[in-house]
Amino acid sequence: MSVWAILAAAGKGDRLGLDRPKAFAPLNDRPLVAEALERLDASDWIEGIVVAAPPEWEEPCILVAEEVAAGKVAATVTGGESRSESVRAALAEVPEEATVVLVHDAARPLVTDEVIERVITALADGWDGAVPALPISDAVKRVDGEAVSETLDGQGLVAVQTPQAFVASVLRQALAGAVASAPDCASLVEARGGRVRVVEGDRRLVKVTAPSDLELVASLL
C-alpha cells in the first residue's frame with residue numbers, strides 16, 4: 001500500500017489578525033505549518049507529502065520543510081481560492097501509483113500517528129474514505145443572524161476532523177468536478193455515492209482559527 005499525504009496549508013486565517021497566512025502563525029517560535037509537517041514526515045505510514053502553500057508563500061514552505069528535515073516532501077504547489085481547490089492542485093502531484101491519499105489541514109498541528117493509522121486501516125472492507133470524529137456534547141442550534149431558527153437533534157451528530165484518508169482513485173474522481181463550496185473532501189466523496197467510515201478522533205486535534213486556539217495548542221505541546 002502506497003500512502004501519500006496532502007498538507008492543506010493555503011488558508012488565509014483572517015480571524016487570527018496576522019500580516020501573514022495562517023500556516024505561518026507563530027507556534028512556539030516557529031511557523032504553525034512546521035508542526036504538522038514534521039509529524040506527517042515522521043509517520044511510517046506515509047511515503048510522500050505534497051504541500052498546498054498560500055500564494056506567494058511557496059518558497060517559505062519549502063524552507064520550513066528543509067528546516068524540519070521533512071525529506072518526504074516531494075512537491076509544494078500553489079493553493080487555490082478554496083480548500084478543495086488547493087487539495088485538487090496538490091493531488092495532481094501525487095503519483096498515479098499511490099493507493100491511498102491522506103488529506104490533513106495544517107491548521108490542526110497536533111496530528112498523531114495513532115489517528116493516521118486509524119483512518120488508513122479503516123479503509124479495509126470496501127470503504128472509500130475514513131474520517132476521525134468526536135461526538136457532539138453541546139446542544140446544536142441553527143441561527144439566522146442573532147436569532148435561533150432551529151434546534152437540531154444531536155443524536156448521531158459528530159464533529160469531523162482531519163486527517164481524512166481516501167482510496168486515491170476515488171478522491172481523484174471526487175475532485176474532478178465543481179469543488180469550491182465543499183466543506184471537506186469527504187463530502188465530495190459522499191456526494192458521488194462513496195462510503196465514508198467514521199473512526200475515533202482526538203481532542204488534541206484542535207483547529208486553529210483564533211489566537212486563543214494557538215495558545216491552547218502551545219499548551220498541549
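Predicted model: local features only at pLDDT ≥ 70, side-chain atom pairs only at ≥ 80, totals over all residues.
Residues are numbered from 1 along each chain as its sequence is written, and side-chain values use heavy atoms, with hydrogens and water left out.

The protein chain contains seven helices and 12 strands, where helices (H or I, at least four residues) and strands (E, at least two) are DSSP runs numbered from the N terminus. Its C-alpha atoms occupy a box of roughly 50 × 40 × 30 Å along the principal axes. The radius of gyration, taken over C-alpha atoms, is 17 Å, which agrees with the value near 17 Å for a compact globule of 221 residues; the globule rule is 2.2 Å times the number of residues to the power 0.38. Of the contacts between residues at least 6 apart in sequence, 74% join residues at least 24 apart, a contact meaning heavy atoms within 4.5 Å.

Of the 221 residues, 48% count as buried, with buried meaning under 20% relative accessible area, exposed over 50% and partly exposed in between (1.4 Å probe, protein chains only). In soluble globular proteins, nonpolar side chains tend to be buried together. Here the largest nonpolar core has 34 residues, and L7, L37, L40 and L102 have the most contacts inside it; such a core is a set of buried Ala, Val, Leu, Ile, Met, Phe, Trp, Tyr and Cys residues joined through side-chain atoms within 4.5 Å. The elements giving two or more residues to this core are the strands β1 (3-8), β4 (48-53) and β6 (100-105), together with the helices α1 (32-42), α2 (58-67) and α4 (113-121), and α1 gives the most, with five residues.

Helix α1 is itself mostly covered, since eight of its 11 residues are buried, among them L37 and L40, but also E35 and D41. L102, leaving aside its neighbours within four places in sequence, is in contact with residues including W4, I6, L40, I116 and P163. Apart from this core lies another, of 28 residues, among them A75, A168, L171 and L175.

S169 lies in helix α5 (residues 168-174) and is partly exposed, with a relative accessible area of 43%. The C-alpha atoms of S169 and G79, which are 90 residues apart along the chain, are separated by 21 Å.
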